[in-house]
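Colleague: I am new to this structure and would like to learn how to read its features one at a time. Could you take me through them slowly?

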Amino acid sequence: MSTAAVTNGQSTDGEIARARLDEAATLPGLVTSSESDDTINGHWLKPENLEVESQKDNIPSAYSPPTHQLDRGAVAWLQVAAVFSVSFKTWGTLNTFGVFQTYYKSGALFSETSSNISWIGAVQSVCVILLGLISGPLFDRGYLRVLVALGSFLIVFGFMMLSISSTYWQALLAQGFCVGVGGGLIFMPAMAILPQYFRSKMGLAIGLAMSGSSIGGVLYPIIFYELIAQIGFAWSVRTIAFIAFATLLLPAVALQTPTKKPAGKPRDALDWSAFTDGPFLFFTANAIIGYLGLYVVLFYISYFAGTAGVASNEMSFYIVPILNAGSLFGRTIPNALSDVVGPFNLFGPASIICAILTFCLIPSPTLVGVVAIALLYGFFSGAMIALPAVCFVHLTPDKTKIGTRLGMGISVASLGMLAGGPSAGAILGSDPANLKWTDTWIYGGCTMLASGALMVVLRFWIARGKLFAKV
């Protein structure tokens, strides 16, 4: 079947698809259509341990081969450093919210219930993710520089406004919405850049980049707590704003796509093929369930340590950086391992282990026990936070739509982040003498346990029931 015949419009749809596949046959190493027994819905990456007789059937017709060198080069690793700075500022401050939750609950700035306070962190989290529905397609259309500049401004401006806040609603608008929207404009485009520079080392690259959030989660609580007693809340937050300005200079200068976006019809804001993609829909829905429980411990473990008599007020602030120190390794090691065994083989076990660790908080362990749980929870929760980006990239057949699919998938999954903290706060209650910690930990543990079980189901669905497969 010749290309000329196809372009003349005299062939069937099947012949057109075959002609396009034949034209792509010289490109190595990718999985294509549903003709392979080891693909799902025509787009799943083939497990490396499953033999293929012909590399010809390993190319998706929708994918154009990169013209630049993959997995190496100074420019590629500079992108990792730039995305590291983005995650350091966006998710680094989000991972710090447990400290803000404890400080706000003390009544030093305003008086509100735990559930209402947690809405600040929940709104900030969901804005960082939900804005991907806008920033992802805009990135695909070539507006990277505009997104980075506007997002960086809103982050710095939001913290400056937080420094002069004195009421709950002012803090919600400044920290929740302004900082969150700024993070949402730059986070998704930054993550969508890495798959354009990396293929075999993509998991490692994303893991190293996402480790910035863990380092930020270690440093920001310490900076906030140590400064607040010396210079007060206002200047402590302004210091965080100055750090944000400095760390966001690198992304503003260095982030770039490897090739110029082609001119033509603007891409749709949504990839409509995702709505008929079974594994994509299943994974997205399951991520909502997992994130419902994940943020229960992240938001409340510091407050728990102080109110349950496990730790002093000073030590309770340091539980958050301890957890984020474990998360540093959880966002790098599992992601690097995913390049070898596949991300879906790791996500389910990580969720189940997080559930078990949450249940371990029920008997009110000693300080040593809480610290150990925080370290381990940081490691495995780090995997749950960093791996979805790798999973969504693998679930994207057309690599030119990575930004759009990442935005769609993670934005919908963020509904779990939005509801997780406030719902746990409602369960916990507002009476300091009768806080329902057992019910709160059961809620968090059960949702993550359900998510882990469903992820195991998805893993076998993608692998077509094969026990030993890279998925």
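Colleague: Which residues have the most contacts inside the largest nonpolar core?

Modeller: Before the answer, please note that this is a predicted model, in which local features need pLDDT of at least 70 and side-chain atom pairs count only at pLDDT 80 or more, while totals for chains, interfaces and linings use all residues. Residues are numbered from 1 along each chain as its sequence is written, and side-chain values use heavy atoms, with hydrogens and water left out. A nonpolar core is a set of buried Ala, Val, Leu, Ile, Met, Phe, Trp, Tyr and Cys residues joined through side-chain atoms within 4.5 Å, where buried means under 20% relative accessible area, exposed over 50% and partly exposed in between (1.4 Å probe, protein chains only). Here the largest such core has 131 residues, and Tyr-104 and Phe-233 have the most contacts inside it. Helix H11 supplies the largest share of this core, 15 residues; helices (H or I, at least four residues) and strands (E, at least two) are DSSP runs, numbered from the N terminus.

Colleague: Which residues does Tyr-104 touch?

Modeller: Contact means heavy atoms within 4.5 Å. Leaving out residues up to four places away in sequence, Tyr-104 touches Phe-97, Leu-109, Phe-110, Ile-117, Ile-120, Leu-162, Ala-171, Gln-175 and Phe-233.

Colleague: At what angle do the axes of H4 and H11 cross?

Modeller: Axes are lines fitted to C-alpha atoms, for helices over the stretch in contact, and angles run from 0 to 180 degrees between N-to-C directions. The axes of H4 (residues 97-105) and H11 (residues 278-307) cross at roughly 45° and come within 8 Å. Angles under 35 degrees count as roughly parallel, over 145 as roughly antiparallel, 65 to 115 as roughly perpendicular and the rest as oblique, and H4 and H11 are therefore oblique to each other. On the H4 side the contact is made by Phe-97, Gly-98, Gln-101, Thr-102 and Lys-105, and on the H11 side by Leu-298, Phe-299, Tyr-300, Ser-302 and Tyr-303.

Colleague: How far apart are the axes of H8 and H16?

Modeller: The axes of H8 (residues 168-193) and H16 (residues 402-428) are 9 Å apart, and the two helices pack at an angle of about 130°, which makes H8 oblique to H16. Met-188, Met-191 and Ala-192 of H8 meet Ile-402, Gly-403, Leu-406, Gly-407 and Ile-410 of H16.

Colleague: Is Ser-327 buried or exposed?

Modeller: Ser-327, which lies in helix H12 (residues 313-330), is buried, with a relative accessible area of 1%. Not counting residues up to four places away in sequence, Ser-327 touches Ser-214, Gly-378, Phe-379 and Gly-382.
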